[in-house]
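Hi there,

Here is the structure I promised to pass on. Have a look at it first, and my notes follow below.

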Amino acid sequence: MTASNFVQPILRRKQRNLDIQDLQGLLTIHWEINQFTLFSRFYTRIDQVFLIWGFICALLFFTAQFVAISWTVQLIVATVLTIAGSLGTVWLTWYWAMVERLKWVVYLWVVLMLLGIGLTNWGLFGGWWQLLMYLCPLWLGLCGIGYLGTAWGLRSRAFTVSGIVHLLGIVSLPYMLQWQYLVTGLISAGTLFLLAETQWDMQSTSSYQTLTKEQRQFNQRQEYLRQSAS
């Protein structure tokens, strides 16, 4: 991280003057009744990935905590969702990661998620039953590593804090007794939803070599507008 990175707030309201790589696939949601706005948000493709994984984490961990479904059924669903989420992550983030020269961050998350679901399957179907007792610390640890790796790539304090929160969550689990899945779901899904709804700090590592001259000029104008508005 550089000194200029610490000038940015860790989290703040989303900026509207987005760069070309953030405008790619932008999702805008605006609901209103009789000119009264009920909900108005926009989500970049990175935000969309956070939302997808947030819903996946909430569904899986809250189901494990509150719904009486066999481990086999839960793991089959978890495996399908993890693979689908990983493929969706690659598809949604690839252009942004290519521009920012952060494809390795995408690879890191995919490897971590597939490793996690692979170990979980091994625990249930491979006879390593002891592992099933440590699924919550396993997933919090994998996510913590992913966030810290992302923090390194993006030079981001927000992702550093996210990684530390997940690792501290592991320490808290022994005190949660029968509520470990609930706590894990709250930490993992809550972090993802928070990141999706806010603007987090980062420092671009791209030289924008993949962009055209016009696109680079557009990004420069957007940067000027962001600085003027701050």
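Let me begin with the charged pairs: the protein has five salt bridges. One of them joins Asp19 and Arg226, whose closest N and O atoms are 3.1 Å apart. Asp19 sits in the loop between strand E1 (11-12) and helix H1 (20-23), while Arg226 belongs to helix H8, so this pair ties together parts that are 207 residues apart in sequence.

Please keep in mind that this is a predicted model. Mean pLDDT for the protein is 91, with 97% of the residues at 70 or more. Confidence is highest in helix H7 (residues 180-197), at 98, and lowest in helix H8 (residues 213-229), at a mean of 83.

Next, a helix pair. Helix H4 (residues 103-125) packs against helix H5 (residues 135-154) with the axes 10 Å apart and at an angle of about 175 degrees. Angles over 145 degrees count as roughly antiparallel, and H4 and H5 are therefore roughly antiparallel to each other. Among the residues making the contact are Trp104, Trp109 and Met113 of H4, and Trp139, Cys143 and Trp152 of H5. Sorted by class, this contact has 17 nonpolar residues, six polar ones and no charged ones.

Finally, there is a hairpin. Strands E2 (residues 27-33) and E3 (residues 36-43) pair in the antiparallel sense through seven bridges. Thr28 has Phe42 in E3 as its bridge partner. Two residues lie between the strands, and Asn34 in this hairpin takes a positive phi near 50 degrees.

Notes:
Residues are numbered from 1 along each chain as its sequence is written. This is a predicted model: local features need pLDDT of at least 70, side-chain atom pairs count only at pLDDT 80 or more; totals for chains, interfaces and linings use all residues. Side-chain values use heavy atoms; hydrogens and water are left out. Two strands pair if DSSP finds at least two bridges between them. Helices (H or I, at least four residues) and strands (E, at least two) are DSSP runs, numbered from the N terminus. Axes are lines fitted to C-alpha atoms, for helices over the stretch in contact, and angles run from 0 to 180 degrees between N-to-C directions. Angles under 35 degrees count as roughly parallel, over 145 as roughly antiparallel, 65 to 115 as roughly perpendicular and the rest as oblique. Contact means heavy atoms within 4.5 Å. Ala, Val, Leu, Ile, Met, Phe, Trp, Tyr, Cys and Pro count as nonpolar, Asp, Glu, Lys and Arg as charged, and the others, Gly among them, as polar. pLDDT is the predictor's confidence in each residue, from 0 to 100. A salt bridge is a side-chain nitrogen of Lys or Arg within 4 Å of a carboxyl oxygen of Asp or Glu.
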